[in-house]
Amino acid sequence: MTAYLTIRDVAKSYGRSTALHCIDMDIARGEFLALLGPSGSGKTTLLRILAGLLDPGRGTLILDGVDMTKTPAWERDIGLVFQNYALFPHMDVRQNVGFGLDMRGIRGAEAERRIDEALETVSMREYGTRRPGELSGGQQQRIAIARAIAIKPRLLLLDEPLSNLDAVLRQSVRIELRELHERTGLTTIMVTHDQVEALTLADRVALMERGEVIQVDRPEDLYNRPASAFAAAFLGSPPANLLPVAPGNAPGTVSISGVVWTPVGQVAQAVAALRGPARLALRPETLRLVAQEVPGAISGRLKAVEYMGGERLAHVELTGADAPAPVVLVRSADALPETGQVVFVLPGAVTGLYDNESGANIAPATAGEY
Ligand SMILES: Nc1ncnc2c1ncn2[C@@H]1O[C@H](COP(=O)(O)OP(=O)(O)OP(=O)(O)O)[C@@H](O)[C@H]1O
Ligand SMILES: [Mg+2]
């Protein structure tokens, strides 16, 4: 990949606390990258550094071959959309959209044409004379995006752009955002802590944890092969089960919290890499509940069933495990037995096997693919 934007060794501290450690990332021209991570992981800090609103303590930013580390925000040609839209309440829609153009000395017919074009792009042409207060949340969001793209930015930065919208609007604006990206080809970086947003919109997702980018991957690779237990436990709803495992006493056996388990097939192949204590990641949708004991199954007791509409989430407590006994979540489309019954959990694939010492995924690369 030839990099359009290069983030090299960027770090940021606020006083004595480090908000960003050492960010190294290349973004391709036209790429849509999502910065995903829990609250406080440094997403906004990184975005603000890219926008030039925050001085990095260290490191280099290169955009299209030119070092922009010291370039002031207004000379970077970056379109920025904040979480709260930040539209000017006293200006109408056209004035809002034209603001960045005016700042750049683009006025008159050229400005009018660019405003029309930007409003057209977000399907808001007929709202030009309204004030922001006379628009719905989703419409304000689209105006904020129109304002950002009117300047034809070299980079579009979005900070939690959909977080103020209700579930229905979120989905429709999400689809619009993807279409907009395909139409304009703008290199886009979007901050979100919503994994569905990141996985559905982005070409690649950068997962952040405590000021570090811990994995950058295509959505399906991030989901199917999380590089760390943190990634496995962050993605998915509910996320992957993480079971404490260790090699068993007999060959081919694994101890799950003290319970002897003999995996079979593809799962056995994946778990064969086990040398010491580790955490085994099993996704709830790759597990099957069976009523009879079959080879490769783990026995447990059905503790609770959550009805989720269309499917159920079974909570299975492993039988005979060291206290506190691990509870495995299984997603099931089928009707389930009464709670309290003995059931068997049959894993179909291994999402990850994380060595306790190194933290690395030691499962062979092909094992997790399904
Ligand atoms: N102006 C500031 N002064 C001191 N610490 C700050 C400042 N801004 C952010 N931080 C700290 O830096 C860390 C990263 O903050 P940041 O806003 O980048 O997180 P975030 O990933 O965007 O979180 P959220 O999802 O909650 O928006 C946090 O620990 C935060 O408390
Ligand atoms: Mg933030």
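This is a predicted model: local features need pLDDT of at least 70, side-chain atom pairs count only at pLDDT 80 or more; totals for chains, interfaces and linings use all residues.
Residues are numbered from 1 along each chain as its sequence is written, and chains are lettered from A and ligands numbered from 1 in the order in which they are written.

The protein is divided into domain 1 (5-224) and domain 2 (230-355), with bounds that come from an automatic or database domain assignment. The centres of the two domains, taken over C-alpha atoms, are separated by 40 Å. Across the boundary, 8 residues of domain 1 are in contact with 5 residues of domain 2, where contact requires the C-beta atoms of two residues, placed from the backbone, to lie within 7 Å. On the side of domain 1 that touches domain 2, two or more residues each are given by β9 (204-209), β10 (212-217) and α7 (219-224). Helices (H or I, at least four residues) and strands (E, at least two) are DSSP runs, numbered from the N terminus. The largest share of this side, 3 residues, comes from α7. By class, the side of domain 1 that touches domain 2 holds 4 nonpolar, 3 polar and 1 charged residues. In this classification, Ala, Val, Leu, Ile, Met, Phe, Trp, Tyr, Cys and Pro count as nonpolar, Asp, Glu, Lys and Arg as charged, and the others, Gly among them, as polar.

Helices α2, α3 and α4 were examined in pairs. Two packed helices are described by the angle between their axes and the distance between the axes. Axes are lines fitted to C-alpha atoms, for helices over the stretch in contact, and angles run from 0 to 180 degrees between N-to-C directions. Angles under 35 degrees count as roughly parallel, over 145 as roughly antiparallel, 65 to 115 as roughly perpendicular and the rest as oblique.

The axes of helix α2 (residues 93-103) and helix α4 (residues 137-150) come within 7 Å and cross at roughly 30°; α2 and α4 are therefore roughly parallel to each other. Their crossing is right-handed, a term used if the near helix is turned clockwise from the far one by less than a right angle, with left-handed used if anticlockwise. From α2, the contact involves V93, N96, V97, G98, F99, G100 and L101, and from α4 it involves I143, A146, R147 and A150. This contact has 7 nonpolar, 3 polar and 1 charged residues.

Helix α2 also packs against helix α3 (residues 108-121), at an angle of about 125° and with the axes 9 Å apart, which makes α2 oblique to α3. Here too the crossing is right-handed. The contact is formed by R94, V97, G98, L101 and D102 of α2 together with A111, R114, I115, A118 and L119 of α3. Its residues divide into 6 nonpolar, 1 polar and 3 charged.

For α3 and α4, the packing angle is about 135° and the axes are 9 Å apart, so that α3 is oblique to α4. Helix α3 passes α4 in a right-handed crossing. In α3, R114, I115, A118, L119 and T121 meet A146, I149 and A150 of α4. The contact of α3 with α4 consists of 6 nonpolar, 1 polar and 1 charged residues.
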